[in-house]
Amino acid sequence: MAGRNFLFVPGPTNVPDRILRAMSVASEDHRSPDFPALTRACLDGLKPIFKTATGHPIIFPSSGTGCWEAALTNCLDPGAKVLIARFGQFSHLWADMCRRLGFEVELIETLWGEGAPVDKYLAALESDRSRSIKAVLVCQNETATGVRSDVAAIRGAMDSVKHPALLMVDAVSALASIDFRMDEWGVDVCISGSQKGLMLPAGLGITCISRKALETAKRTSSRRCYFDFGDMIQANAGGYFPYTPSLQMMCALRESLTMLAEEGLENVFRRHSYLAAGARAAVMQGWKLKLCAVAPQWYSDTVTAVMVPAGVDAVAVIARAYTRYNLSLGAGLSKVAGKLFRIGHVGDLNELMLLGAIAGSEMAMLDVGMNIEPGSGVAAAQTYWRKP
Ligand code: PLP
């Protein structure tokens, strides 16, 4: 099909040309005396992205899922208990991984469309008199439903009952696009990946661990090897890795960190928030459709999940968008399969790019027979963005 594919899934995202050029380099010896400069540029450059002065950024050759596993197997003893709310496919998968790795899961079932319920976390922590919960897990941005959670409030709940558990946050679709504060929020492990806000191809698991998490990892006896925090921190101290790192991906990461610093992280957050508000205007004011997120407090700035009316199959909208308009939209996953489609607006994008996705979604919805006003979504987003 002529023209570029419009990649509007909520990750992997569009990779800027500057990053593609930066990664187009020959391989080098990863044990050479020159290599540590690249390692340090990446690890030091990640600190402001996590907003940490004391944490250790870690780069695993994995995706975000590998970092979930690393967090659990490094910081918990076998069979330890974790507390997690499930309100979408990704919080579900993380809870499922905990079970499959043999950890005990205290699950807070939550409506898909809401975020982490702080009151229920608090109640669970308060009643945990024996302090058997060893880690509190929160998904900051549930990509499957377009819902954001308040991590600072979860930390507040933990502190209010002086609960000593570790706080682990999935920021896979939040980091470098929605504010995240490792030190201020007392996060012990933050989990992310390269293919969303960092604007890179998939392939790097990007995580950050607090001193407390590192100290805990020295004492725990869960089995791990490839994902051992201690091995990584030790090798990184000299500028190296315990195994062969991807030089090209690290060159790409260095460029991404430069781009984020040039734009300014707070400006990056503002851009995401402003673009997301335009996307929501298209859905609610233009198309008169509902979001999966049930109230403004949960609205995500990186992904908008659009509910289609009963009787319409969202899979048909997504298929039409792809085959006719070369537009990739995100699908509804598991419980919400067929009920919604997702417009990702994360990474390197601006109003006109997002208008393309809104226009394409609109045409696909019309093509499958949905009753929406042609041009209404585009007009609503434009009206929002053209406000002085
Ligand atoms: N957590 C969230 C919130 C995600 O959106 C994703 C992937 O989209 C993951 C975890 C899994 O990450 P990955 O696919 O990079 O392994």
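The largest pocket holds about 330 Å³ of space, and the second largest pocket about 260 Å³. The model is predicted: local features need pLDDT of at least 70, side-chain atom pairs count only at pLDDT 80 or more, and totals for chains, interfaces and linings use all residues. Residues are numbered from 1 along each chain as its sequence is written, and side-chain values use heavy atoms, with hydrogens and water left out.

**Pockets**

- A pocket is an open set of points on a 1 Å grid over the protein atoms alone, where a 1.4 Å probe fits, with protein on both sides within 12 Å along at least five of seven lines; lining residues have an atom within 4 Å of a point.
- A volume is the space filled by probe spheres set on the points, which are joined across faces, edges and corners.
- The largest pocket has 17 lining residues, and Arg 4, Asn 5, Leu 7, Asn 14 and Met 353 lie nearest its centre.
- Strand β1 gives the largest share of that lining, 3 residues.
- The lining of the largest pocket comprises 9 nonpolar, 5 polar and 3 charged residues (Ala, Val, Leu, Ile, Met, Phe, Trp, Tyr, Cys and Pro count as nonpolar, Asp, Glu, Lys and Arg as charged, and the others, Gly among them, as polar).
- The second largest pocket is lined by 17 residues, with Gly 64, Thr 65, Trp 68, Phe 90 and Leu 93 nearest its centre.
- In the second largest pocket, α4 provides the largest share of the lining, 5 residues.
- The lining of the second largest pocket contains 6 nonpolar, 7 polar and 4 charged residues.

**Thr 304**

- Thr 304 belongs to strand β12 (residues 303-307); helices (H or I, at least four residues) and strands (E, at least two) are DSSP runs, numbered from the N terminus.
- Thr 304 is buried, at 3% relative accessible area (buried means under 20%, exposed over 50%, partly exposed in between, with a 1.4 Å probe and protein chains only).
- Residues in contact with Thr 304 (heavy atoms within 4.5 Å) include Ala 276, Val 283, Leu 291 and Phe 341.

**Backbone features**

- Most residues other than glycine have a negative phi, and most peptide bonds are trans.
- The peptide bond from Gly 11 to Pro 12 is cis, with omega near 5°.
- Arg 131 has a positive phi, near 55°, and is partly exposed at 26% relative accessibility.
- Met 199 also has a positive phi, near 65°, and is buried at 4%.

Methods. Lists of a residue's contacts leave out its neighbours within four places in sequence.
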